[in-house]
Amino acid sequence: MFEFFFKYPAAVFSKGEVVLLGGWPAWILALLIAGSAAAIGYLVWRRGGRLVTGARAFTVWALQSMLAALILVLLWHPAVVVATLKPQQNIVAVLVDESASMAMVEDGSSRRQKAVEVLEGGLLEKLGERFQIRMYRAGDGLERLEKLNPAKDPYPATRLAADLKQVVTEASGLPVGAVILLSDGAENAGGIDLETITQIRRQRIPVHTVGFGREKFARDLEVSDVQVPARTLADSRLAAQVTFRQTGYTGTKARITLKDGGKTLAAKEVTMGGEGRPQTESLLFNAGAAGAKTLEASIEPLQGEENAKNNRQARVVNVDNAKPRILYLEGEPRWDYKFIRRAAEEDRHLELVSILRTTPNKIYRQGIAEPKELESGFPSTVDELFSFQAIVLGSVEAAYLTATQQELIKQFVDRRGGGLLLLGSRSGLSDGGYNRPPFSDLLPVTLPDRKGTFVRKPANVELTAAGKDALVTRLDENSEKNAERWKKLPYLLSYQDPGDPKPGAVVLAESIPAAGGKRYPLLATQNYGRGRVAVFASGGSWRWQMQMPVEDQSHEMFWQQMLRWLVEGTPTRVTASTPKTLLADERTLKIRAEVKDRTYLPAGDARVVANIVGPNRVSASVDLQPDPVEPGVYEGEWNAEPAGSYLVEVLAQRGNETVGRDVLTFRREDGVAENFRAEQNREVLEQLSRQTGGRYYRPSEVSRLAKEVEYSEAGIAVRETKDLWDMPAFFLLALVLKSSEWLLRRRWGVI
Amino acid sequence: MRLRLALLAAALTLITFGALYGQREFRQYMGAEYYDFPLPPDWDQKSEFVLGRLRYSTHPMFGGSRFRGSNEWWTIDYPRGDRHVLEGLRRLTRLNARSVEQVVDLEDDDIFNWPWIYAVEVGHWVLDDDQVKKLREYLLRGGFMMTDDFHGTLEWEVFTQTMSRVFPDRPIVDIDNKDPIFHVLYDLDERFQVPGAQYFYSGRAYEQDGFEARWRGIYDDKGRLMVAICHNVDLGDAVEHSDEPRYPEKWASMAYRIWVNYVIYAMTH
């Protein structure tokens with residue numbers, strides 16, 4: 001239709017430049033148009049003044065002036081200049097996406113089959129009349145194809161950017177005039193990167209895309225993400241955040257499950273929310289014994305589901321065998337001291353080392369590694385204090401600690417990344433003078449500027465909205481039941497006013513005095529520097545142990561989770577990490593290590609080596625290089641070939657000193673990524689075409705592609721001038737203008 | 001009428017509140033030795049540590065009845081001995097101790113509000129099945145019991161008759177010298193028999209056939225003492241009479257040291 005009115009395909013106009021071939025300059029044309037409009041105006045108002053006036057006169061003037069302008073433009077010989085590929089001298093690269101998602105069967109045939117049908121249905125023939133054709137098989141690598149059939153095994157992943165880059169690189173020595181990509185756009189590398197787009201644009205090669213596959217499944221469930229900590233302590237309670245989306249199952253119930261091998265760790269029945277919207281559910285589970293674990297989160301397939309392969313995702317968790325040490329300084333014998341110690345003793349993966357002031361000049365130490373440890377009391381050196389992962393301060397006045405010790409505690413949190421917990425008591429928080437720096441800076445609350453905040457009176461506990469779901473305060477898997485369980489806990493025998501929470505602090509629980517009155521934050525947490533700080537504003541939690549049956553584990557669970565929260569994120573001197581612990585159809589492992597000196601300042605002069613062991617006796621040693629911008633950070637890459645589980649031991653050395661080691665695990669899997677986001681990603685294809693000067697086509701529109709592909713500035717092209725004066729649209733316009741005037745005059749009776 | 005109703009409502013509210021929220025209020029009982037002992041001025045000050053004195057029934061063998069009466073074996077040294085101990089704990093340690101004891105029993109769940117109990121003259125005690133069960137639960141949850149002032153074979157048998165019902169599966173053992181209870185504050189390797197006030201007229205350090213002091217206990221599964229049994233000694237009398245010139249200082253001092261260690265141990269283990 002477009003061509004009928006405008007004589008040429010739309011691509012001619014979008015790619016070409018409209019010019020006027022007439023000998024006289026364009027300003028004369030503009031002058032003549034203005035002059036003719038004025039003359040027509042004069043005639044209309046002067047000669048037709050009695051018959052046509054006002055709006056009618058204006059309409060007649062406008063129609064006549066437009067017609068005059070049209071005739072004048074045509075006299076100036078309009079044309080379009082467009083670059084056109086020279087026949088038989090250019091190559092058109094045809095890329096057929098042969099990744100696994102293209103093998104997906106829809107309406108009786110696979111997406112690849114449909115692409116082949118399009119090519120063999122006339123497109124190749126038409127292209128072949130004017131160009132040489134180079135066919136490629138694209139996916140996770142580019143392969144030249146002589147013929148389309150028979151089909152080979154599909155690629156496990158789609159990396160269109162890499163494939164296009166390779167084509168463009170090859171084209172630098174060849175007259176490639178255009179690229180035609182037949183794909184579903186299901187890209188696994190995160191889209192087409194800017195570097196690839198820039199390279200294509202530099203060579204002015206238009207990439208035309210033909211999209212295959214449904215843009216939206218009618219019925220599908222997809223686990224789109226699973227978030228679990230990359231590492232944790234043995235026997236930790238963890239939450240896996242499973243995100244999924246669905247189409248066609250709104251309001252339906254389904255079961256999500258978390259498994260370690262064949263063992264089910266957690267399961268939950270969920271009701272599907274809004275269509276297409278990501279929905280996240282939390283599954284609580286116990287990390288179990290030490291070792292690398294591959295956890296699989298899945299959602300059971302529902303009836304009629306079109307793609308059940310995207311119902312599961314795996315993640316790797318490194319369960320650490322470490323036994324972090326927590327230093328607890330207590331200023332007086334207290335029941336909470338006893339019962340917190342007992343709770344910690346029940347946890348074989350925690351070590352609670354305590355210093356208790358029994359008399360004004362005597363201390364009693366528990367949990368020490370050797371008789372001399374902490375003999376002089378609370379540590380005064382970095383070496384001694386930083387050997388712990390967390391600190392708990394009980395009923396001990398801030399003034400008991402020297403200025404050096406107070407500053408060390410601040411650095412312990414800020415620089416070392418340790419955890420700090422302050423307990424409510426008669427010598428704690430404001431009553432202990434912690435409302436002054438450096439403690440006032442660290443705490444998640446602004447302590448009141450007064451004494452007498454500690455009250456030995458009963459107070460009940462309620463969780464806040466954040467506390468219902470927090471791991472620290474999880475006594476029940478179900479968040480509502482959890483809140484109820486906390487409400488039913490025996491009252492605390494004391495509470496303390498810790499002031500108001502600071503911006504950024506999270507209050508997980510509140511104490512409610514039994515006698516009524518204001519609620520107070522009971523448990524507030526906040527990150528500070530590299531570490532984390534919490535305040536528990538009561539000294540009477542021991543009643544949870546003494547008032548509940550011996551079988552009840554509420555007290556133990558809370559304090560174990562509290563202490564684990566304190567130590568979980570505390571780094572060692574060497575901390576290794578990788579952005580992805582599961583390489584789904586990817587090979588490149590990125591390793592990052594942070595190395596600290598004894599005082600936990602960045603160590604930029606270390607030699608850091610990653611020793612990798614993998615399946616099929618694969619082993620390698622990678623030297624990590626210092627990051628030029630971030631001191632103490634070392635990075636490296638390695639290509640993992642066989643699929644399976646890998647173990648990486650990162651060792652850091654400074655001269656003769658071994659700084660430390662850290663272990664990380666990762667897993668590589670093939671044939672996974674293609675099952676996700678398997679609908680046609682039209683956005684990726686359209687964007688690619690738009691940015692490179694090409695066009696996106698549906699399979700039904702490819703007949704136009706064969707014609708439009710020739711308008712390109714790449715390859716061997718000539719600039720063609722195409723006349724526009726005889727374009728049917730102009731004559732039609734002239735006809736419309738004149739007949740409109742005639743019809744109007746007839747209606748007005750002024751012919 | 002209105003006033004009466006209001007008072008009744010207020011009383012009911014207080015009783016309900018007390019039952020739900022309160023540890024039982026302090027009450028001073030009439031003892032076997034002291035009928036009207038003066039209260040210290042800070043008796044009602046809330047504190048971290050409260051010495052619970054266990055009120056129990058006297059064994060029928062000793063003509064005992066249900067402990068409703070006050071003039072019973074459980075009141076021996078009460079309250080003077082307890083007050084002296086508490087004063088000693090306040091003076092010698094950083095413990096925030098209440099100046100007066102709390103009489104507790106195994107009749108209801110109030111016992112769980114007081115994690116430290118002292119039972120005296122347990123060679124005369126008897127507990128019924130419910131009380132036995134409650135005491136077992138109390139100790140397993142983390143409560144601590146110190147027994148004292150019972151002597152010789154007969155009283156030992158009476159004590160163990162009931163104690164073996166509390167823990168049929170846990171033996172009573174001699175506490176090793178290396179146990180932290182003897183070192184938590186004072187090093188008490190050298191312990192000796194501490195006699196009671198009977199020494200004033202008998203001149204003997206022992207009573208009945210209890211010639212030798214025995215420091216025994218019952219441990220939990222984690223190796224922590226739940227019950228500290230002081231047999232053939234009278235630590236209660238020793239502190240009770242520690243301000244009497246005729247009571248030898250060395251016995252009083254030993255008694256205080258043991259008391260302090262036992263309390264600090266109970267609050268740390």
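## A strand pair in the sheet

Ser511(A) has Tyr520(A) in β29(A) as its bridge partner. This is a predicted model. The strands involved are β28 (residues 506-513) and β29 (residues 520-528) of chain A. Five bridges join β28 to β29, and the two run antiparallel.

## The nine-stranded sheet

Chain A holds an open sheet of nine strands. Its order is β20-β19-β18-β21-β22-β30-β29-β28-β25, and the pairing is mixed. β20 (362-366) and β25 (459-463) of chain A are the edge strands. Each of these pairs on one side only. On average, neighbouring strands are turned by 15° against each other, direction ignored.

Helix α8(A) packs on this sheet. α8(A) touches β18 (325-330), β19 (351-359), β20 and β22 (419-423) of chain A. The direction of α8(A) makes about 160° with that of β19(A).

## Where α8 meets α15

Helix α8 (residues 335-345) of chain A also has a helical partner, α15 (residues 554-568) of chain A. Their axes come within 9 Å and cross at roughly 80°. Angles of 65 to 115 degrees count as roughly perpendicular. α8(A) and α15(A) are therefore roughly perpendicular to each other.

Which residues make this contact? From α8(A) come Phe339(A), Ile340(A), Ala343(A) and Ala344(A). They meet His555(A), Glu556(A), Trp559(A), Gln560(A) and Leu563(A) in α15(A). The residues of this contact divide into six nonpolar, two polar and one charged.

Conventions
Residues are numbered from 1 along each chain as its sequence is written. Chains are lettered from A and ligands numbered from 1 in the order in which they are written. This is a predicted model: local features need pLDDT of at least 70, side-chain atom pairs count only at pLDDT 80 or more; totals for chains, interfaces and linings use all residues. Side-chain values use heavy atoms; hydrogens and water are left out. Axes are lines fitted to C-alpha atoms, for helices over the stretch in contact, and angles run from 0 to 180 degrees between N-to-C directions. Helices (H or I, at least four residues) and strands (E, at least two) are DSSP runs, numbered from the N terminus. Angles under 35 degrees count as roughly parallel, over 145 as roughly antiparallel, 65 to 115 as roughly perpendicular and the rest as oblique. Contact means heavy atoms within 4.5 Å. Ala, Val, Leu, Ile, Met, Phe, Trp, Tyr, Cys and Pro count as nonpolar, Asp, Glu, Lys and Arg as charged, and the others, Gly among them, as polar. Two strands pair if DSSP finds at least two bridges between them.
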